[in-house]
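Me: I have a structure open and would like to learn how to read it. Could we go through a few features one by one?

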Amino acid sequence: MTNRADTLTPTRLARGTVLAAAPLTIMAAAIIAPSLPAMREVFAGTPGSDLLVRLALTVTSLAIAISAPLSGIVADRVGRRPLLLTGLGLYAISGTAGFFVSDLPLLLATRAGLGLAVGAIMTAVSTLITDWYSGERRASFLGLQQAFASLGGVVFLPLAGLLATVDWKAPFWIYSASAIVAVFAIVSLREPARSSPAASESQRARLPARIIGVYVLALVATLVFYMAPTQLPFLLQGFGSGPAVIGAVVAGSTVTGVAGALAFPRLRERLSPTAITTFSVALMGAGWLVIGTAGTVAPVVAGLLVGGLGVGLVVPNLNLRLAEFAHPAQRGRVLSGLVTGIFLGQFLSPLVVQPLVQGIGISDAFTWTGVAMGAGAALAALLTNRNNGKEKR
């Protein structure tokens, strides 16, 4: 029997609201990336400020990773709409709060609150989309969701760079955009029907191995990709670039992310999930190799464009795989695990990469990471083939 949630047709305004919420998610923490060099100078007297300033960006990701499973439970038991509305409200409050604080530990606390909000928004948005659509329409809309998420980086990161030239705190006002989205969500969204959790008991035994594989791929890919906002500002500063240029360059990683996400539905019709995963990881590796060997800003931009294309493909691909694996009654929890994997990768990125940077420098860190991703592309293909077989789903 087909669940009504799968055939529920959303209004145009509802679809637009969900797509408008997407840009608030993946690049939320990175909005303050252009401010990092100035923040390091402002808080230079704070013990451990060099790492803590980077954590001001990634503690948001840790909070998302920790809270996303709870968001998944809320989505399945309470509903997608109330979860989204709560997340949008908290996003506006905790995000803009960073403008008003002058203490680094307190700033980290507001960034953690932002993480709770992003986890709720991202889980609610992904679950609503998989409730609304199935088959090719689901793949198409998930690609559109990722395109809008990447587009947020194209718009918000350069804007943040411009604002940071005025005041390093000014980019925090960008987070107030969620208040506008919240108004449209109140007006346009209605709660889809959900299956009883008991209906999915028979599905649970065969899900974990496949799901864990997807989570691991998401974590590793994001860990590598997040070297862009956490490490590139300092590499570009060494090239003599200011905050505006840093914001524009880091945004380059999201420009081709839009193109990759929009191309995903058609690519999905022609290639298996294994091939898409391998291709995506290989693109990221190639892009990071170009960045590692760059001596000026232009090759860095080129590398980001290549790597961003891979990210634009891999996120909707993994999202769709989980949606296919999960019973409707478990979608919130299963998809929230992907959110955890993505943002745990963001949080771990500076912690894992910083020792490498200190040992061999930022440029060589990108180079060797690119080499590792090239090898990882082949490994990802082997693991995905073992978990999913050769059939195209």
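Predicted model: local features only at pLDDT ≥ 70, side-chain atom pairs only at ≥ 80, totals over all residues.

Me: Which residue does the side chain of R333 meet in a salt bridge?

Reply: To read a salt bridge, look for a nitrogen of one side chain within 4 Å of a carboxyl oxygen of another. Here the side chain of R333 meets that of D76, with 2.9 Å from N to O. D76 belongs to helix α4 (residues 49-77) and R333 to helix α14 (residues 331-360), so you can see on the model that the pair links distant parts of the chain, 257 residues apart.

Me: Is D76 buried or exposed?

Reply: D76 has a relative accessible area of 8%, so it is buried.

Me: What other residue forms a salt bridge with D76?

Reply: R80 does, and the closest N and O atoms of that pair are 3.1 Å apart. Both partners, R80 and D76, are buried. For R80 the relative accessible area is 1%.

Me: How far apart are the closest N and O atoms of R80 and D131?

Reply: They are 2.6 Å apart, and the two residues form a salt bridge. R80 lies in helix α5 (residues 80-97) and D131 in helix α6, so this pair ties together parts that are 51 residues apart in sequence. D131 counts as buried because its relative accessibility is 1%.

Me: How many salt bridges does the count come to?

Reply: The count is three. When bridges share residues, read them as a group: D76, R80, D131 and R333 are linked in a network of salt bridges.

Me: Where is S126, and what does it touch?

Reply: S126 has its place in helix α6. It counts as buried, because its relative accessibility is 4%. To read contacts, set aside the neighbours within four places in sequence; S126 is then in contact with Q145, N319 and L335.

Me: Which residues touch the most other members of the largest nonpolar core?

Reply: A core is read as a set of buried nonpolar residues joined through their side chains. The largest one here has 108 residues, and M39, Y91, L232 and W288 touch the most other members. Helix α6 (residues 104-132) gives the most to this core, with 14 residues.

Me: What does L232 touch?

Reply: Leaving out residues up to four places away in sequence, L232 touches M227, I291, V300, L304 and F366.

Me: Where is V314 found, and how far is its C-alpha atom from that of S253?

Reply: V314 is found in helix α13 (residues 297-325). Its relative accessibility is 6%, so V314 counts as buried. The C-alpha atoms of V314 and S253 are separated by 14 Å, and the two residues are 61 apart along the chain.

Me: What is the mean pLDDT of the protein chain?

Reply: Read pLDDT as the predictor's confidence in each residue. The mean for the protein chain is 81, and 91% of its residues reach 70 or more.

Me: Where does pLDDT stay under 50?

Reply: One such stretch is residues 1-7, for which the model has 18 contacts beyond four places in sequence. Another is residues 197-206, with eleven contacts beyond four places in sequence.

Methods:
Residues numbered from 1 in each chain as written. Heavy atoms only, no water. Core = buried A, V, L, I, M, F, W, Y, C linked by side-chain atoms within 4.5 Å. Buried < 20%, exposed > 50% of the residue type's maximum accessible area, 1.4 Å probe, protein only. Helix = DSSP H or I, 4+ residues; strand = E, 2+ residues; numbered from the N terminus. Contact = heavy atoms within 4.5 Å. pLDDT = per-residue confidence, 0-100.
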